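Let's take a walk through this protein together, starting with the overall fold and then turning to its aromatic rings. Have the sequence and the 3D view open as you read.

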Amino acid sequence: MNTLVKIAVIVILNLVNTNIQAQTKFEKGMSKAFELWDANKWDEAENMFERISKADEDQWLPHYYIAQLNSIKSWNTKDETLLKAQLEKAQDHLDIAISKSENNAELLVLQARVYTNWIAYDGMTYGMKYAAKVTELYNKALALDSENPRVVYSKAEWEMGSAKYFGKDTAPYCQEIEDAIELFDNFKPESKFHPKWGKEQAQQIVDSCKA
């Protein structure tokens, strides 16, 4: 093996080792963040995701989970100033995630849910602003990934809520959510860190439909 070939091999091995080490740090950080989340230490989990997002600037997943955490927290927030801060933070991180992963059905679903948070907070103010956008986002997500269970479930849940509001039959949406559960059973996330939530919530809705 001549000198140039040896140098090339060394350079390649160094690059591979660097990538492996970086990926390992990412995986360790994400695993720790989910452990904190599972332990109901949401603020600590969010802080961990924020550190990961700064260390791995190409990754959209940490921003996704920061946005999701703030979206979820807003449902139980009574303080108007805090709620707005949570949803604005969710939007900021969603914007970053979308800039890193365009035409991503998971991000479209989460964007629709954040808009729904605003509508739930103040329907008179934000219903006209966001309702049509939510429907548009779910339609786009379905066109991108019709086999994604979170897309099918979330779209049907949104349409069921609209049907209830206008006094229409919700039975068709119960069936769609039941279909989503089958998709959950067959869904394989791209990695252990990619979104996989939703089956439990979908099952609760199906059970209430049958009650």
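## The overall fold

Please keep in mind that this is a predicted model.

Of the 211 residues, 42% count as buried. Looking at contacts between residues at least 6 apart in sequence, 60% join residues that are at least 24 apart. The protein exposes about 12,500 Å², and carbon and sulfur atoms supply 53% of that area.

Helix α3 is worth a stop, and it spans residues 61-75. From its first C-alpha to its last, α3 reaches 22 Å, close to the 21 Å expected for its 15 residues at 1.5 Å a residue. Is α3 mostly covered or mostly open? Helix α3 is mostly covered, with 13 of its 15 residues buried.

## Aromatic pairs

How many aromatic pairs does the structure hold? There are 17 aromatic pairs. One of them joins Phe34 and Tyr65 in an edge-to-face arrangement, with 4.9 Å between the ring centres and 85° between the planes. Phe34 belongs to helix α1 (residues 3-38) and Tyr65 to helix α3, so this pair ties together parts that are 31 residues apart in sequence. Both Phe34 and Tyr65 are buried.

Another edge-to-face pair is made by Trp118 and Tyr121, at 6.2 Å centre to centre and 65° between the planes. Here both partners lie in helix α5 (residues 105-121), three residues apart, or about one turn of the helix. An α-helix has 3.6 residues a turn, so residues three or four places apart point the same way. Trp118 has a relative accessible area of 8%, so it falls under the 20% cut-off and counts as buried. Tyr121 has a relative accessible area of 27%, so it lies between the 20% and 50% cut-offs and counts as partly exposed.

## A ring cluster and a charge over a ring

Which residues do ring pairs link into a cluster? The cluster is made up of Phe26, Phe34, Trp37, Phe49, Trp60, Tyr64, Tyr65 and Phe193. Phe34 and Tyr65, the edge-to-face pair described above, are among its members.

Finally, have a look at Arg150, which lies over the face of Phe187. Arg150 is placed at 4.7 Å from the centre of that ring.

Terms used: Residues numbered from 1 in each chain as written. Predicted model: local features only at pLDDT ≥ 70, side-chain atom pairs only at ≥ 80, totals over all residues. Heavy atoms only, no water. Phe/Tyr/Trp six-rings, centres within 6.5 Å; stacked < 30°, edge-to-face > 60°. Helix = DSSP H or I, 4+ residues; strand = E, 2+ residues; numbered from the N terminus. Buried < 20%, exposed > 50% of the residue type's maximum accessible area, 1.4 Å probe, protein only. Lys NZ or Arg CZ within 6 Å of the ring centre and 35° of its normal. Expected span 1.5 Å × (residues − 1). Contact = heavy atoms within 4.5 Å. Areas by Shrake-Rupley, 256 points an atom, 1.4 Å probe, with all protein chains shown as cover.
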